[in-house]
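Dear colleague,

Please find below the structure I am handing over to you. The findings follow directly after it.

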Amino acid sequence: MHNFEFNWPVKSIVGNGEVKKAGIEAKKLGRRALLVTGRFSVRSSGLLEKVSASLKSAGIDFVLFDGVEPNPRVTTIDKAGALAKKENCDMVIGLGGGSPMDAAKAAALAAVSPSGVSVWDYIFCSKNFRKIDVVPLPVLLIPTLPATGSEGNPTSVITNWDLHQKVHLMDNALFPKTAIIDPELTMSLSREQLAYAGVDIICHLLEPYLTTTGDSYVKDRMAEGVISTVIDLLPKAMQNPSDVESRMNLSWSGTLACSPFRFMAWNGKGFLHWIEHCLSAWTDVPHSEGLSMLLPAWMEYMSRYKFFKYRLDMLGERVFNGSAEEGIERWMKEIGAKTRLDKSAGDKIPEMCGTLITVYAGGKDFVELPSGERMVKGEFEEIYKNALQ
Ligand SMILES: [Fe+2]
């Protein structure tokens with residue numbers, strides 16, 4: 001196992017009905033909140049009303065920002081930060097799926113940034129790059145989607161549509177203070193949303209698992225346990241929407257899968273999320289659907305690398321009682337998730353690969369695998385092209 005640091009300073013409140021604590025928990029962080037959500041679902045499900053009532057009863061004043069789109073734009077986040085600043089908010093609450101979660105964390109930073117500084121300036125590939133030298137507002141997150149794990153990590157994935165770049169902003173300063181993970185909030189998800197949520201969770205685990213060199217026993221066994229949980233329980237939750245026990249396990253699996261546990265003893269780079277981010281940056285496909293369309297082709301291509309094949313075979317033996325590639329693809333088909341890239345994305349492959357190299361290669365024309373081998377632009381093109389078939 002490789003050396004590592006582990007820091008997970010998030011108070012996680014997990015369980016059915018816990019959303020009622022929104023007001024009490026918010027009161028521990030501030031008095032006036034910017035409430036960040038998407039445009040529709042939290043309103044139509046009645047959740048916005050419920051959380052508003054909880055905040056009001058705890059004496060928390062709030063300003064609503066409900067303009068977060070899928071693949072949240074930097075322009076949207078800057079606007080949310082400016083609103084928090086103008087309204088003298090002293091905390092931020094994120095409510096909804098992965099996009100409002102990510103937007104809330106970044107808006108908490110934008111709210112305290114010097115004027116004229118965009119949140120994009122804190123992203124590693126920005127031409128105006130600057131380190132975070134301010135303390136973001138405290139954040140409370142209430143996720144409705146068991147997928148992104150944003151509620152448990154210090155990452156915000158932000159899209160700059162002008163540059164066609166979708167990139168992660170990651171800094172320990174961005175950890176939320178508190179997360180309320182209430183599985184009952186996932187009840188309003190469609191079957192399709194739930195299926196893709198499961199694929200996202202699996203990808204958060206597969207990526208580090210398959211791209212680690214050598215073995216790290218405790219991390220491997222934890223990842224295998226959570227992968228098995230999702231493989232087993234997601235179809236059950238889809239078949240029986242009121243199966244709260246399955247949903248509770250899925251929600252917590254989603255948080256764990258993208259928490260600092262993901263990085264424990266991971267010495268590699270996986271590229272699956274990178275190639276998805278570049279896909280979304282050019283086509284605006286939702287993140288988890290993009291992952292789903294790329295996952296089989298990514299595993300198939302990467303298995304030509306020995307270290308990857310070794311890990312893939314180990315996963316197959318321990319979790320799928322056979323081939324991991326076949327087991328995962330079979331499961332994806334069972335839950336109705338796409339396993340091939342939409343043909344319309346084919347036209348943008350050169351642009352997507354160009355963005356990948358610009359953003360992630362740090363000025364070189366290749367990216368290095370944990371084994372020391374190099375992957376060049378043409379190899380990423382091949383993964384996208386293979387995904388089309
Ligand atoms: Fe993801």
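Between the two domains, 24 residues of domain 1 are in contact with 29 residues of domain 2. The coordinates are those of a predicted model, and everything reported here was computed from it. On the side of domain 1 that touches domain 2, three strands each supply at least two residues: β1, β6 (155–160) and β7 (165–170). Of these, β7 gives the most, with 3 residues. Sorted by class, that side of domain 1 has 10 nonpolar, 11 polar and 3 charged residues. As for the bounds, domain 1 covers 11–185 and domain 2 covers 190–388. The C-alpha centres of the two domains are 25 Å apart.

I turn next to the sheet. It is open and is formed by 6 strands with parallel pairing, in the order β1-β8-β5-β4-β2-β3. The edges are taken by β1 (11–14) and β3 (61–68); each has a single partner strand, so one side of each is left without a neighbour in the sheet. On average, neighbouring strands of this sheet are turned by 15° against each other, direction ignored. Within the sheet, strand β4 (residues 91–96) runs parallel to strand β5 (residues 139–143), and 5 bridges join the two. In this pair, isoleucine 93 stands opposite leucine 140 in β5.

The remaining findings concern helix packing. Helix α6 (residues 191–211) packs against α7 at an angle of about 170°, and their axes are 10 Å apart. Because angles over 145 degrees count as roughly antiparallel, α6 is roughly antiparallel to α7. On the α6 side, the contact is made by Arg191, Leu194, Ala195, Gly198, Ile201, Ile202, Leu205 and Tyr209. On the α7 side, the contributors are Asp220, Ala223, Val226, Ile227, Val230, Leu234, Ala237 and Met238. By class, this contact has 13 nonpolar, 1 polar and 2 charged residues.

Helix α7 (residues 217–239) also meets helix α8 (residues 244–257): their axes come within 9 Å and cross at roughly 140°. The two helices are therefore oblique to each other. The crossing in which α7 passes α8 is left-handed. From α7, the residues involved are Val226, Thr229, Val230, Leu233, Leu234, Lys236 and Ala237. From α8, they are Ser246, Arg247, Asn249, Leu250, Ser253, Leu256 and Ala257. The residues of this contact divide into 8 nonpolar, 4 polar and 2 charged.

The last pair is helix α11 (residues 306–320) and helix α12 (residues 324–334), whose axes come within 8 Å and cross at roughly 60°. These helices are therefore also oblique to each other. Leu312, Leu315, Gly316, Val319 and Phe320 of α11 make the contact with Ala324, Glu325 and Gly327 of α12. The residues of the contact of α11 with α12 divide into 5 nonpolar, 2 polar and 1 charged.

With kind regards

Conventions. Residues are numbered from 1 along each chain as its sequence is written. This is a predicted model: local features need pLDDT of at least 70, side-chain atom pairs count only at pLDDT 80 or more; totals for chains, interfaces and linings use all residues. Two strands pair if DSSP finds at least two bridges between them. Helices (H or I, at least four residues) and strands (E, at least two) are DSSP runs, numbered from the N terminus. Axes are lines fitted to C-alpha atoms, for helices over the stretch in contact, and angles run from 0 to 180 degrees between N-to-C directions. Angles under 35 degrees count as roughly parallel, over 145 as roughly antiparallel, 65 to 115 as roughly perpendicular and the rest as oblique. A crossing is left-handed if the near helix is turned anticlockwise from the far one by less than a right angle, and right-handed if clockwise. Two residues are in contact if their C-beta atoms, placed from the backbone, lie within 7 Å. Ala, Val, Leu, Ile, Met, Phe, Trp, Tyr, Cys and Pro count as nonpolar, Asp, Glu, Lys and Arg as charged, and the others, Gly among them, as polar. Domain bounds come from an automatic or database domain assignment.
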